[in-house]
Amino acid sequence: MAGRIVLFGATGYTGELTARELAGRGERPILAARSEARVRALAEELGGLDWAVADVGRPPSVRDLVERGDVLLSTVGEFARWGAPAVEAAIDAGAHYLDSTGETPFIRSIFERWGPRAADAGVILLTAMGYDWVPGNLAGALALREAGEEAVRVEIGYFVTGGAMNGSAMSGGTRASAAGVFLEPSFAFRGGRVVSERAGARGRSFPVRGRARKGVSAGSSEHFALPRSFPALRDVDVLLGWFGGASDAVRAVSLGTSLVTRVPGVRGLLGEVIGRVVTGSSGGPDADARAGTGSYVVAEAMDADGRVLATVALEGVNGYDFTAAMLAWASHAMAAGRAHGKGALGPVEAFGLDALEEGARSSGITRVP
């Protein structure tokens with residue numbers, strides 16, 4: 001029998017989009033959130049779904065959401081502050097887990113801290129299973145497969161089309177997560193291993209619809225996941241092109257922040273300031289605003305001399321709509337037993353490359369010439 005899908009954080013911006021996507025696909029997830037009135041109202045609106053009240057401030061309430069064989073889907077960000085109880089609950093219960101995070105420190109914790117425990121428990125952890133960072137895993141894997149055994153490096157760029165990635169185009173959770181990431185060490189897969197580095201340590205341009213667009217480096221799930229599927233890899237670079245002409249300024253700010261936060265106490269103070277000024281769960285772009293933007297992700301697989309062996313580009317809907325649809329697709333596949341392995345996995349490992357490509361296509365992002 002298929003496991004239940006439990007959506008924790010259902011009344012937040014990403015959570016509600018995902019709940020509606022699941023219901024639209026004929027799923028009947030259990031909706032969970034900390035506000036009884038809001039989660040009950042959403043459950044009733046979506047056809048009388050089951051619902052529950054749970055709060056990360058009361059970890060036992062999160063643990064009570066799931067049983068062995070269930071799928072716990074968490075959209076409760078920012079994950080560095082609020083994400084741990086859901087992961088702990090899934091592992092303890094013997095339930096599979098996936099989330100919508102894009103946060104560098106949390107992703108690293110999933111693979112390095114919780115992954116071994118999940119493997120011992122026989123369950124799967126799939127972190128960053130939305131626009132952050134599924135399209136790059138897919139594009140990178142497709143390029144590496146086409147490049148063949150000579151490929152030892154892959155570089156991936158994420159870009160927004162149709163409009164700027166400014167404050168009005170981000171949800172509150174995205175703004176809070178993005179701001180906090182620049183206070184924390186990042187990482188990259190360099191020389192055959194994951195190493196710590198600052199966010200924005202490197203930059204380069206990619207061809208996007210006939211013109212060069214800059215990106216700045218970021219820690220992401222690709223650094224952990226792609227080398228496991230392609231053991232010949234020595235280097236992975238993932239770059240965000242959301243900042244347009246401000247990319248160089250972002251790199252400079254990142255460098256300054258990394259130096260300042262070495263002073264004892266400064267990192268904690270800045271984190272408190274960000275927590276007061278940039279809050280999560282404060283809504284996000286409406287359907288019209290989302291329809292005005294799209295996604296473009298490009299990957300280049302290279303040999304040891306830096307020669308590009310294969311290039312793959314993906315294009316499609318905006319990141320929020322893709323995230324909701326991909327989370328719905330992935331949680332259904334996990335509940336139906338179509339994810340394989342155990343521990344912290346990347347999407348290619350869990351579903352296989354062809355199935356993931358089809359899942360991305362059904363979620364609104366597809367390969368383009």
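This is a predicted model: local features need pLDDT of at least 70, side-chain atom pairs count only at pLDDT 80 or more; totals for chains, interfaces and linings use all residues.
**Helix crossing, hairpin and backbone angles**

Me: At what angle do the axes of H7 and H15 cross?
Reply: Roughly 135°, with the axes of H7 (residues 134-147) and H15 (residues 353-362) coming within 10 Å. Axes are lines fitted to C-alpha atoms, for helices over the stretch in contact, and angles run from 0 to 180 degrees between N-to-C directions. Helices (H or I, at least four residues) and strands (E, at least two) are DSSP runs, numbered from the N terminus.

Me: Which residues of H7 and H15 make the contact?
Reply: On H7, Val-134, Leu-138, Ala-141, Leu-142 and Arg-145. On H15, Leu-353, Asp-354, Leu-356, Glu-357 and Ala-360. Contact means heavy atoms within 4.5 Å.

Me: New topic. In what sense do S8 and S9 pair?
Reply: Antiparallel, over 5 bridges, with S8 at residues 186-190 and S9 at residues 193-197. Two strands pair if DSSP finds at least two bridges between them.

Me: How many residues sit between S8 and S9 in the hairpin?
Reply: There are 2, and Gly-191 in that turn has a positive phi of about 65°. Phe-189 stands opposite Val-194 in S9.

Me: Is Ala-128 buried or exposed?
Reply: Buried, because its relative accessibility is 2%. Buried means under 20% relative accessible area, exposed over 50%, partly exposed in between (1.4 Å probe, protein chains only). Ala-128 is in the loop between S6 and H7. Its phi is positive, about 55°, although it is not a glycine.

Me: And Arg-209, buried or exposed?
Reply: Exposed, at 57% relative accessible area. Arg-209 also has a positive phi, about 50°. Its loop runs between S10 (203-208) and S11 (211-217).

Me: What about the peptide bond from Asp-132 to Trp-133?
Reply: Cis, with omega near 0°. Trp-133 is in the loop between S6 (124-126) and H7. Gly-77 and Glu-78 are also joined by a cis bond, omega about 5°. Most residues other than glycine have a negative phi, and most peptide bonds are trans.

Me: Last one. How many residues of H9 are buried?
Reply: 6 of the 8, so H9 (residues 222-229) is largely enclosed by the rest of the structure. Among them are His-223, Phe-224 and Leu-226.

Note on methods
Residues are numbered from 1 along each chain as its sequence is written. Side-chain values use heavy atoms; hydrogens and water are left out.
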